[in-house]
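Here's a quick tour of one protein model, from the overall build down to a single residue. Have a look at it first, then read on.

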Amino acid sequence: IYSASKAALHNFSKNLAREYGDRNITTNILVPGFFPAEQNKKILSEERIKQIFSQTPMNRFGYPNELTGIVNLLVSDNSSFINGSELVIDGGYCITKI
């Protein structure tokens, strides 16, 4: 169910971007990697953290300001031509899978 709902959100954001782009309404989606949060403390054992870091070129978790920086960009006029994008903020984790 989680994967299906995630895929639906990605598809929905692209459809919104296509539908409303001619009105200068942009729609993008953030794809965050590992950021320490209250809800994932239970699953972040020392072993799991080592595993995540070994697969993350930046060898660390993300910091909250690294997400807010992207959000600040997207709500500014500087992102007026970013539309239908999936912005991955994961320290390079996803590129280790190619």
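## Ground rules

Accessible areas here come from the Shrake-Rupley method with a 1.4 Å probe, and for residues only the protein chains shown count as cover. By that method, the protein's accessible surface is about 7,400 Å², with 58% of it belonging to carbon and sulfur atoms.

Keep in mind that this is a predicted model: local features need pLDDT of at least 70, side-chain atom pairs count only at pLDDT 80 or more, and totals for chains, interfaces and linings use all residues. Residues are numbered from 1 along each chain as its sequence is written, and side-chain values use heavy atoms, leaving out hydrogens and water.

## Overall build

There are 3 helices and 2 strands, taken as DSSP runs numbered from the N terminus (helices are H or I, at least four residues; strands are E, at least two). Along the sequence they go α-β-α-α-β. The C-alpha trace spans about 50 × 30 × 30 Å along its principal axes.

## Zooming in on Ile-29

Ile-29 sits in strand S1 and is buried, at 15% relative accessible area. Leaving aside residues up to four places away in sequence, Ile-29 touches Leu-9, His-10, Ser-13, Ser-85, Glu-86 and Leu-87.

How values were computed:
Buried means under 20% relative accessible area, exposed over 50%, partly exposed in between (1.4 Å probe, protein chains only). Contact means heavy atoms within 4.5 Å.
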